[in-house]
Amino acid sequence: MVPGAGGAGSLSRVPILATSVHTGNVALVVAVFLASAVEMVEALTIVVAVGATRGWRSSLEGAFAAVVVLAGAVGLLGPALVHWVPLSALRVIVGGLLLFFGVQWLRKAVLRAAGRKAQHDEDAIYARTVAELQEEPRPEGRDWVALSVSFKGVFLEGLEVVIIVLTLGTASHKLGLAAAAAAAAVLVVAVVGAIVARHLAGVPENAMKMTVGLMLVSFGTFWLGEGLGLAWPGSDLFLLVLVAAYGAAAWALVTWLSRSRQRAPRTA
């Protein structure tokens, strides 16, 4: 055996490995950031409606309390999953969960893109929330109705973000990176929301949901395969192939549903 012969081959694989790891990290950040942004836009709509109708103090207190509870859930559950659940079992479980969530996101996005389901209307949600809050009497002091509505809105929308952060972050052993991406999304949405306030209907939410759905099913397929012992060609780079394949399938499905909708006979 010639000394150093094996080292040259190992060094030649370093750029490929570095590119693979970089691609996986970028895909993770994009998926978590977009998913968090979509959910936080919906939560922001509720917070703004509560603040404009009942007062900003109680609305912001409820939102802050929900964020603290959700962050605590990530901090408590994430390390426990990483340390106590075997990686192969974790990836099978995570892969199944991501496929489930991803298919739900993708199904709704495809139906909306094909005109089979109404677009998500933040203005309508805002108006409905305002109407419901105006029916409640306003107390003196802290407004617990406003606080609870704001808390519930942020908590319920954020709960899906927590699940995505935990599943994507723990399966890739990049919980800190996933949590940072989610925190960045929350910050960006909060800043934009403070600027545009009620004008949230212009956010291309369905396009973001389509992208998130594609990435979730791609990650789910990838990690489910790895958990079952499948070696993907190119390692993490194969995620791009999965995203492209699912994207092509979604585009074909949207096209087919749109055409079948146009051909459907109209009833009087």
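Here is a tour in a few stops, with something to select at each one.

**Before we start.** This is a predicted model, so local features need pLDDT of at least 70 and side-chain atom pairs count only at pLDDT 80 or more, while totals for chains, interfaces and linings use all residues. Residues are numbered from 1 along each chain as its sequence is written, and side-chain values use heavy atoms, with hydrogens and water left out.

**Stop 1: the whole chain.** Select everything. You'll find 8 helices and 0 strands (helices are DSSP runs of H or I with at least four residues, strands are runs of E with at least two, and both are numbered from the N terminus). Of the 268 residues, 41% count as buried (under 20% relative accessible area; exposed is over 50%, partly exposed is in between, with a 1.4 Å probe and protein chains only).

**Stop 2: colour by confidence.** pLDDT is the predictor's confidence in each residue, from 0 to 100. The chain averages 76, and 74% of the residues score at least 70. Where pLDDT is low, the predicted coordinates should not be read in detail.

**Stop 3: the core.** Select Val32, Val165, Leu168, Phe219 and Trp223. These have the most contacts inside the largest nonpolar core, which has 48 residues. (A nonpolar core is a set of buried Ala, Val, Leu, Ile, Met, Phe, Trp, Tyr and Cys residues joined through side-chain atoms within 4.5 Å.) Helix H1 (5-54) gives the most to this core, with 14 residues. A second, separate core of 10 residues includes Leu106, Ala114, Leu214 and Val217.

**Stop 4: serine 150.** Jump to helix H5, where serine 150 sits. Is serine 150 buried or exposed? Serine 150 counts as buried because its relative accessibility is 0%. Leaving aside neighbours within four places in sequence, show what serine 150 is in contact with: Val47, Val50, Ser59, Gly62 and Ala63 (contact means heavy atoms within 4.5 Å).

**Stop 5: valine 191.** Finish on helix H6, the place of valine 191. With a relative accessible area of 44%, valine 191 is partly exposed.
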